[in-house]
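Welcome! Here is a short briefing to read with the structure open beside you. Take the topics one at a time and look for each residue as you go.

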Amino acid sequence: MRTAVFPGSFDPFTVGHFDVLESALQLFDKVIIAVGYNSSKTGFFSPDTRVEIIRQATAHMDNVEVCTYTGLTIDLCHQLGVNNIIRGLRTTTDFEMESVIAQANKKMAPDVSTVFIPACQEYSFISSTVVRDILIHKGNAAQFLPKGVTIEKFLAERK
Ligand code: ADP
């Protein structure tokens, strides 16, 4: 079974992330979405809430798992016995940053490869930062969130 890890902050998971996930599932039998967090930094949503949001978005997919992690993504890959990391690319800036990380990871863990998936044009401007800004200012972010996500419930739980 070909498995990949799709790591990210996912604060929150957006339609852009969902689109990358769908593309990844055409290449891999199973994708493990790994919510990375830094215990010294508080995010907008807690890591557990981010996982719950992703579970809602992927409830109809039986080949997707979700977990949290801290530390290096390559260490997580080794713990899970997975050899592929998925990252999405929106812009040339993403490419420049991501290729450096992928090269460092390859040097540290030659058995782990990074697979880049380009953003689809329709969603390439969408980021968790934009979605958070909309939510903070009480705007309607529904069109930027995957179907099935009850964001109002999670926003209410933050308070
Ligand atoms: P990180 O903090 O690790 O970059 P993000 O949650 O911001 O975490 O992003 C996770 C991955 O998803 C990254 O590879 C990022 O480039 C990609 N990504 C984010 N938004 C989009 C989008 N709209 N289309 C395609 N890929 C995206």
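## Two helices side by side

Helix 2 (residues 47-57) and helix 6 (residues 151-158) have axes that come within 11 Å and cross at roughly 170 degrees. The model you are looking at is predicted, so local features need pLDDT of at least 70 and side-chain atom pairs count only at pLDDT 80 or more, while totals for chains, interfaces and linings use all residues. Residues are numbered from 1 along each chain as its sequence is written, and side-chain values use heavy atoms, with hydrogens and water left out.

**More on this pair**

- Helix 2 and helix 6 are therefore roughly antiparallel to each other (angles over 145 degrees count as roughly antiparallel, under 35 as roughly parallel, 65 to 115 as roughly perpendicular and the rest as oblique).
- The axes are lines fitted to C-alpha atoms, for helices over the stretch in contact, and the angles run from 0 to 180 degrees between N-to-C directions.
- Helices (H or I, at least four residues) and strands (E, at least two) are DSSP runs, numbered from the N terminus.
- Which residues meet here? T49, E52, I53 and Q56 in helix 2 meet I151, K153 and F154 in helix 6, where contact means heavy atoms within 4.5 Å.
- Sorted by class, the contact of helix 2 with helix 6 has 3 nonpolar, 2 polar and 2 charged residues. Ala, Val, Leu, Ile, Met, Phe, Trp, Tyr, Cys and Pro count as nonpolar, Asp, Glu, Lys and Arg as charged, and the others, Gly among them, as polar.

**Helix 4 and its two sides**

- The 17 residues of helix 4 (residues 92-108) should span 24 Å at 1.5 Å a residue, and the end C-alpha atoms are 24 Å apart, which agrees. The expected span is 1.5 Å times one less than the number of residues.
- In helix 4, D94, E98, S99, A102 and N105 are buried (buried means under 20% relative accessible area, exposed over 50%, partly exposed in between, with a 1.4 Å probe and protein chains only).
- An α-helix has 3.6 residues a turn, so residues three or four places apart point the same way.
- T92, E96, V100, Q103 and K107 are exposed on the other side of helix 4.
- Among what covers the buried residues of helix 4 are helix 3 (73-80), strand 4 (84-89) and strand 5 (113-118).

**Helix 3**

- T73, I74, L76 and C77 are buried in helix 3.
- Seen down the axis of helix 3, the buried residues fall within an arc of 155 degrees, so they line one face of the helix.
- Strand 1, strand 2 (30-36), strand 3 (64-69), strand 4 and helix 4 pack against the buried residues of helix 3.
- G81 follows helix 3 and has a positive phi, near 70 degrees.

**A residue in strand 4**

- Residues touched by I86 include A4, V5, F6, V115 and I117, not counting residues up to four places away in sequence.

**Backbone details in loops**

- D11 and P12 are joined by a cis peptide bond, with omega about 5 degrees.
- P12 has its place in the loop between strand 1 (3-8) and helix 1 (15-27).
- F10 is also found in the loop between strand 1 and helix 1, and F10 is buried, with a relative accessible area of 3%.
- K138 is found in the loop between helix 5 (128-136) and helix 6 and counts as exposed at 70% relative accessibility.

Notes
Arc of directions from axis to C-beta.
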